[in-house]
Amino acid sequence: MTTPSTRSRARRLAAALLTALPAWPALADGVRLPAQVPPAYRSECGACHVAYPHGLLPAASWQRLMGSLERHYGTDASLDPATVRQLATWLQAHAGTGKRVGPEPPPQDRITRSAWFERKHRQLDDAVWRLPSVKSAANCAACHGGAEQGRFDAHDLRMPAGLPARYHRAFLDD
C-alpha cells in the first residue's frame, strides 16, 4: 500500500531521473542520436553525406559497411585501421534493433531501401530524387532541414526547389 508521502517521494524521484537523462535530439519516428557521437563519425562519414543515424541500420549492415570501405557504394572511403575500429565498435554498440530495422538488413545495406524509409517516402517517386536540388534519395538534407543534426521530424521538413505541385501533399503528410 502506498501512502501520500511514498507517492510524493516517487514523483520527486521520477522528476529527478527525468532531468538527469541526457538530452538527445529526436529523429524520425523516435530514433535517437546520442550526444556523444565520435567526432570521426561526423567528420569522416559526414564529409561525403549526412552522417546517418546509427539506429537506422542493424549491426550486420554496419559491420559489412565498415568492412568494405574501399568499395563504399562505388567510392573508396578507406580510413586508417584505428579509425575503422573505433567507428565499427561504436556503430555495433549503437546499431538499430527492433521494428524499425526489422529482422533482415535492407537490400545492399542501404537506408533508402529499408522498409521504414520506403514507407515514409511512399508518395514520392524517382522524379523527386532526380531533382537538381535533391540529386538522390540519400541526400536527406535536401528535404530535412535538421538532417545534419540528426533530426528528421516533420517540424524540419522543407520542400526542395523545383518540387512539382503534385508532391506538395506528400510533404504535409506524416
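Basis of the entries. I am working from a predicted model, in which local features need pLDDT of at least 70 and side-chain atom pairs count only at pLDDT 80 or more, while totals for chains, interfaces and linings use all residues. I number residues from 1 along each chain as its sequence is written, and side-chain values use heavy atoms, with hydrogens and water left out.

Entry on cysteines. I searched the whole structure for disulfides, taking a disulfide as a pair of cysteine sulfur atoms within 2.5 Å, and the search found zero. For Cys140, which is in no disulfide, I noted that the nearest cysteine sulfur belongs to Cys143 and is 8.9 Å away. Cys143 is likewise in no disulfide, its nearest cysteine sulfur being that of Cys140. I also recorded Cys140 as buried, at 12% relative accessibility.

Entry on aromatic pairs. I counted rings of Phe, Tyr and Trp (its six-membered ring) as paired if their centres lie within 6.5 Å, with planes under 30 degrees apart called stacked, over 60 edge-to-face and the rest tilted. The structure holds two such pairs. In one of them, Tyr41 and Trp90 are tilted, at 5.2 Å centre to centre and 50° between the planes. This pair links distant parts of the chain, since Tyr41 is in helix α2 and Trp90 in helix α4, 49 residues apart; helices here are DSSP runs (H or I, at least four residues), numbered from the N terminus. I found Tyr41 buried at 3% relative accessibility, and Trp90 buried at 9%. I then turned to Phe117 and Trp129, whose ring centres are 6.0 Å apart and whose planes lie at 35°, so that this pair is tilted. Phe117 is in helix α5 and Trp129 in helix α6 (residues 126-129), 12 residues apart, and I noted both Phe117 and Trp129 as buried.

Entry on the largest pocket. I took a pocket, on a 1 Å grid over the protein atoms alone, as an open set of points where a 1.4 Å probe fits, with protein on both sides within 12 Å along at least five of seven lines, and lining residues as those with an atom within 4 Å of a point. The largest pocket holds about 650 Å³ of space. Of its 28 lining residues, I listed Cys45, His49, Tyr52, His72 and Tyr73 as the closest to its centre. Helices α2 (39-45) and α3 each supply at least two residues of the lining.

Entry on backbone angles. Most residues other than glycine have a negative phi. I noted that Tyr73, although not a glycine, has a positive phi of about 50°; Tyr73 lies in the loop between α3 (59-66) and α4 (81-93) and is partly exposed, with a relative accessible area of 35%. Asp109, also not a glycine, has a positive phi of about 55°. I placed Asp109 in the loop between α4 and α5 (115-120), where Asp109 counts as buried at 9% relative accessibility.

Entry on Lys99. I found Lys99 in the loop between α4 and α5, exposed at 83% relative accessibility. Lys99 and Trp116 are 17 residues apart in sequence and 9.0 Å apart in space, C-alpha to C-alpha.

How values were computed. Buried means under 20% relative accessible area, exposed over 50%, partly exposed in between (1.4 Å probe, protein chains only). Grid points are joined across faces, edges and corners, and a volume is the space filled by probe spheres set on the points.
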